[in-house]
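Visitor: Hi, I'm new to reading protein models. Could you walk me through this one?

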Amino acid sequence: MPTPHNRAENGQIAKTVLMPGDPLRAKFIAEAFLEGPVLVNDVRGMLGYTGSYKGRAISVMGSGMGMPSIGIYSYELYSRYGVENIVRIGSAGSYTPAARVYDVVLATGAYSESSYAKTQSGFEGDVTRPSEELNRLLRQSAAAQGIPLIEGIVHSSDVFYRETSAQGPLYWEILRDQKGCLAVEMESFALFHNARQLGRRAACLLTISDSFVSPEITTPEERQTSFTSMMKVALEAVYDG
């Protein structure tokens, strides 16, 4: 049944959902890749569509920015709509020269200082993990299409604009050097936690949109429509799965 955040009825959302942060990216994916996409949610402008890809039902829906936002939408999709798989397809800022703009990152874990998981269920750890099965399918899809993946831990931050100290190493350098974080985004830690708590599956593919170690950056329009390698990897993995 509908929730305060989602007007879709039972059966209108597929068992697998691709979830970009930007609802306009969800609209682009639905119109560019899905057959017969139908708008199933537009509450608060958080667009969600259901269509088919190579004959298999699939939904795509925005999550908004940050862990509280994806926490709400993913929890409802898993617990109210019977969704089994969510693949986050988002953007990230690189912490290392090894990950350049437009490179695709497969998250093997999400490190965070966030209190989301502790508040939600008492989880005391600082790393949450994706589904190994979904990651396996994503690796296979990328290899079949000749799309390189960079794998590793990502940093899920609660803060986009962080005040920095002029003394000592920068915060992101500490996370890179001590925690092994490749890049920063803002949602995966909560998504992985919700999936684990509810016995569902989650994964995260990220396209590098900007960098802390180089002046490279993408425009809002490019982030909305140009991250197609990541989209194709996710769609083919879901199809084969």
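**A chat about the model**

Guide: Happy to! Tyr 111 lies in strand 6 (residues 104-111); helices (H or I, at least four residues) and strands (E, at least two) are DSSP runs, numbered from the N terminus. This is a predicted model, where local features need pLDDT of at least 70 and side-chain atom pairs count only at pLDDT 80 or more, while totals for chains, interfaces and linings use all residues. Residues are numbered from 1 along each chain as its sequence is written, and side-chain values use heavy atoms, with hydrogens and water left out.

Visitor: Is Tyr 111 buried or exposed?

Guide: Tyr 111 is buried, with a relative accessible area of 11%. Buried means under 20% relative accessible area, exposed over 50%, and partly exposed in between (1.4 Å probe, protein chains only).

Visitor: Now helix 4. Which of its residues are buried?

Guide: The buried ones in helix 4 are Leu 134, Asn 135, Leu 137, Leu 138, Ser 141 and Ala 142. They cover an arc of only 160° around the axis, which puts them on the same side of helix 4; the arc is that of the directions from the helix axis to the C-beta atoms.

Visitor: And what is on the other side of helix 4?

Guide: There, Glu 132, Ala 143 and Ala 144 are exposed.

Visitor: What caps the N-terminal end of helix 4?

Guide: That is Ser 131, with a side-chain oxygen 3.2 Å from the backbone nitrogen of Glu 133. Ser 131 sits in the loop between strand 7 (127-128) and helix 4, and is buried at a relative accessible area of 14%.

Visitor: What about just after helix 4?

Guide: Gly 146 takes a positive phi of about 70° there.

Visitor: Which residues have a positive phi although they are not glycine?

Guide: Among them are Lys 54, at about 55°, and Tyr 102, at about 80°. Most residues other than glycine have a negative phi. Lys 54 is in the loop between strand 3 (48-53) and strand 4 (56-61), and counts as partly exposed at 46% relative accessibility. Tyr 102 is in the loop between strand 5 (85-94) and strand 6, also partly exposed, with a relative accessible area of 37%.

Visitor: New topic: at what angle do helix 2 and helix 6 pack?

Guide: Helix 2 (residues 67-80) and helix 6 (residues 188-198) pack at about 25°, with their axes 8 Å apart. Axes are lines fitted to C-alpha atoms, for helices over the stretch in contact, and angles run from 0 to 180 degrees between N-to-C directions. Helix 2 and helix 6 are therefore roughly parallel to each other; angles under 35 degrees count as roughly parallel, over 145 as roughly antiparallel, 65 to 115 as roughly perpendicular and the rest as oblique.

Definitions and conventions. Polar contact = N/O pair within 3.5 Å; in protein donor to acceptor, adjacent residues only side chain to side chain.
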